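I opened my notebook to look through one protein chain, a bit at a time. Come along and check each entry against the picture.

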Amino acid sequence: MERYNFKLIESKWQNLWEKNQSFKTKIDKNKKKFYCLEMFPYPSGKIHMGHVRNYTIGDVLSRFKILKGFNVLHPMGWDSFGMPAENAAKQNKQDPKIWTENNIQTMKKQLKQLGLSIDWDREISTCSEEYYKHQQKFFIDMYKKGLVYKKENYVNWDPVDETVLANEQVIDGKGWRSGATVERKKLSQWFFNISKFADELQNELDNLDQWPNKVKVMQKNWIGKSFGCEIDFQIKGNSKIEKITCFTTRPDTLFGFSFLALSVDHPLSNFFEDDPKFKEFKLECSKTGTTEESIANAEKVGFKTNLFAKNPLDESHTVPVYFANFVLMDYGFGAVFGCPAHDQRDFDFAKKYNLEIKTVVKPFDEKDTFKVESEAFSGSGVIINSEFLNGLKVPEESVVKTIEILEEKKLGKKKINFRLKDWGISRQRYWGCPIPVVYDNEGMPHTVPEDKLPVKLPSKINLNAKGNPLSSVDDWKNIEFDGKKFLRETDTLDTFVDSSWYFLRFCSPQNKDRPFEIEDINYWMPVDQYIGGVEHAILHLLYSRFFMRAIGYKDNKFNFKEPFKGLFTQGMVCHETYKDKNNNWRGPDEVISDDGKNYYLKSDKSNKIVVGPSESMSKSKKNTIDPEKIIELYGADSVRLFILSDSPPEKDVQWSEQGIMSSYKFIQKLFLLDQKIKTINKKTKKKSSIELSKFINQFLNKIEKNLSNFHYNVIIANIHEAYSHWIKLIKDEENYDNLIKEYSKFLISISPVLPHLTSECLDELNIKNLEWPKIDEKYLIEENVKIVVQFNGKKRGTLDAKKDIQEEDLIKNIVKSKDFDKYLKGNKIKRHVYIKNRLINFLI
RNA sequence: GCCCUCGUGGUGAAAUUGGUAGACACAAAGGACUUAAAAUCCUUGCCCUUUUGGGAGUGCCAGUUCGAGUCUGGCCGAGGGCACCA
């Protein structure tokens, strides 16, 4: 028999799918739609195993839904603006546009080799004018609706690359690319007003019942809603300063008030700028490292002012006002009321500056004389030493009650605060969407008139110029509208803006005038299943949720709220790591082992390799496997099979050479099985057995259930089991036509995983127009069951019985069988428990 | 420090949701076929027993139950997220 020639057959089917436009989708209101989307890739050069896993998972689902009769939208595009293009361009002196387009061509070819069911007619690329011109329009619309603004803000500044870095691009206080220590710098930046939607973004999470809980928790923490109140503190010591407003979640500890602390960036700092000691203090504060950890561990220090704050609940009680390094300007009001007894940070500060520590909450099981000594007490309990607040339960009564009192006395009011900050979208980068703004000669910003859109990126540019490359392109920067001179905004948009609406563009990818047609959107959206890495849990997913709301703000025509109805976060692909004797990383193709234990370098047998733990594949550790080479060697179906087989898709999977080999062998076995089945002598096989129908229907049932729950690894196990069953089956006498009929159902049901092999096998049977086989429920019911027999909860054997056997009959059979004599003999059965068709437990 | 998730053979993992623990696969050991190797196939997998059998067993300790990998409480360990958020 011939071997399965995957090279021939896979390319044959890929060409056919392309020629027949098999995955082209159109709106069809008679069919239920299913929008399956995987996170689109950044075109960095070649696809990696992470892509293979991501897109295989999505493809299996898409193909399954197509078979189930859904109208499936399964598109693909390119997140093609971003820093790597610019950096590569600098190194290779190549135009970022050309570099990007070449990569797209390469990766597109590679994706096609995987046999993905993608409607390539909908392909989009965010760096094309056709895409970003709509984005500029969104920016202008949002500007007009007051959702975009410009303000001065502190940013992460890389002094070597001369650019702003996003928080995630700062690693241990250093620029991820330059390695330079990142500075805080105040810059004028554009912002999206995402915090306006903070409450809704948090509340709507509860309705996303097809999202992993983990992601929802992360977003909730990120948005960080907290309930409290704002309080005005009257100030003494400077006649120009009347009051300071603070936000607090613990107004109930107001009688424990012992200092008030301000951020050094607080507007009131202006009154102290002339004081050289304050200036020095402020400078010191700005030097503290920028990493979160170094901030958290930094010593709490303060600068004492000549100001005093009055306790609003007791005017005779005044406390000193400090500037302190731990107070953030961009949370609350940049001012904190300090209660050392019940907040550890305040406690540390009070200890250092010898401030009063007054206990105002005691635990339930303590006396009223309870005193905070060595550390702050922040647990629940009862209010003490607080006059009219005494006796209130902390926190459930005390906070609400104190706010009521403060509101009544007009000293404060209820307030909900969010941790979520507005989204800074300015980047001093060339390879991004230009911000459609110009400045007049007074420096006032204006949005670019719509008939002058798009603002195109200039093509000839010196990327090695210092700072933002766009600011040195004079003939682009200087522009005239109707005879008036303007200067262009040279910042470009954060690339997360590009990916915040690409899923909408897929619905109307070729529309020239508008980003989308509303009918298209309302038919296809929301995305029914979104699949991608958990690393986007907060940023991309939160930004997209915001963007939907921002586009629909004041003029909502969408018939849905959330862009992604279902979310699945897949795990990473890992591989062992290797280090040679000089402590250099080595790749899997550089090392070899004869016994599976001792590894050495292929090129130098004396160089022993230390095998490290399996880690997520990364170029820096050289533990990557190139999908293209693997497809070349084993074929796409083998890769698809293996990437799904070992671990559940949400967990990390370990890549192994043995694993891919065994998947390859299994594909060969399936093909051999196929040949055997088709060459069975048609005449000698007579009977149509119920067993065959049972087997196939139960198999279909398992596959369908496991497909719906993303238990793809179990599906592979099911296929293995089914294979063994077929091998036994073909030795039996079976009516040929019936055999083929049931066998074709098997092929169809595994086609989402192995589309090339099954297409070929089905084609030989002349089966076209594939449909998911209907499961015949009557074959799911077994008329014989195996019943577990237990004595005192211990399994002592099993007994075959008719389904739904009566209890008495079962017991009779057990006694009759004699297998259990040694447990029954001489023992009295006190009672027994019978679980129908499953188990019987005798208690003796 | 706070929050979330997870602990099952040498390894990756299954387990109809409280009912035969370890399906399926990788690796290992032994065997069969081979002159030999590769490939393929079969067996084994912790403890006692030659076998028949029996015992222990899902991180640890308790509890609920006829019955717990699954439920409850406490502890230990691993991974991830957030981190001066007032």
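Predicted model: local features only at pLDDT ≥ 70, side-chain atom pairs only at ≥ 80, totals over all residues.

**Entry 1**

I began with Tyr322, which counts as buried because its relative accessibility is 3%. My cut-offs are these: buried means under 20% relative accessible area, exposed over 50%, and partly exposed in between, with a 1.4 Å probe and protein chains only. Residues are numbered from 1 along each chain as its sequence is written, chains are lettered from A and ligands numbered from 1 in the order in which they are written, and side-chain values use heavy atoms, with hydrogens and water left out.

Next I looked up Tyr353, which is partly exposed because its relative accessible area is 24%.

**Entry 1: aromatic pairs**

How many aromatic pairs does a search of the whole structure find? I noted 65. Rings of Phe, Tyr and Trp (its six-membered ring) pair if their centres lie within 6.5 Å; planes under 30 degrees apart are stacked, over 60 edge-to-face, and the rest tilted.

One of the pairs is Phe278 with Phe303, an edge-to-face pair with 5.3 Å from centre to centre and 65 degrees between the planes. This pair links distant parts of the chain: Phe278 is in helix α8 (residues 276-287) and Phe303 in strand β13 (residues 302-311), 25 residues apart. I take helices (H or I, at least four residues) and strands (E, at least two) as DSSP runs, numbered from the N terminus. Both Phe278 and Phe303 are buried.

Then I went back to my tyrosines. The ring centres of Tyr322 and Tyr353 are 5.4 Å apart and the planes are at 45 degrees, so I wrote the pair down as tilted. Here too distant parts of the chain are linked: Tyr322 belongs to strand β14 (residues 314-324), while Tyr353 is in the loop between α10 (344-352) and β16 (361-362), 31 residues apart.

**Entry 2: charges over rings**

Which ring does the charged end of Arg63 sit over? I found the ring of Trp17, with its centre 4.5 Å away. I also noted Arg419 over the face of Trp222, 4.8 Å from the ring centre. The rule is that NZ of Lys or CZ of Arg must be within 6 Å of the ring centre and within 35 degrees of the ring normal.

I followed helix α17 (residues 627-634) and helix α19 (residues 657-678), whose axes come within 11 Å and cross at roughly 35 degrees. Axes are lines fitted to C-alpha atoms, for helices over the stretch in contact, and angles run from 0 to 180 degrees between N-to-C directions. Ile630, Leu633 and Tyr634 of α17 make the contact with Ile660, Met661 and Tyr664 of α19 (contact means heavy atoms within 4.5 Å).

**Entry 3: the whole chain**

I stepped back and noted 25 helices and 38 strands in chain A. Its C-alpha trace spans about 110 × 85 × 70 Å along the principal axes. Of the 844 residues in chain A, 53% are buried. Among contacts with a separation of 6 or more, 71% are between residues 24 or more positions apart.

Most residues other than glycine have a negative phi, and most peptide bonds are trans. With that in mind, I noted a cis peptide bond from Leu453 to Pro454, with omega near -5 degrees. Pro454 lies in the loop between β23 (445-447) and α12 (474-477). The bond from Met525 to Pro526 is also cis, with omega near 0 degrees, and Pro526 lies in the loop between α15 (518-524) and β27 (529-533).

Lys554 has a positive phi, near 70 degrees. I found Lys554 in the loop between α16 (539-552) and β28 (567-570), and Lys554 is exposed because its relative accessible area is 66%. Asn766 has a positive phi too, near 65 degrees, and is found in the loop between α23 (755-764) and β35 (784-791). At 57% relative accessibility, Asn766 counts as exposed.
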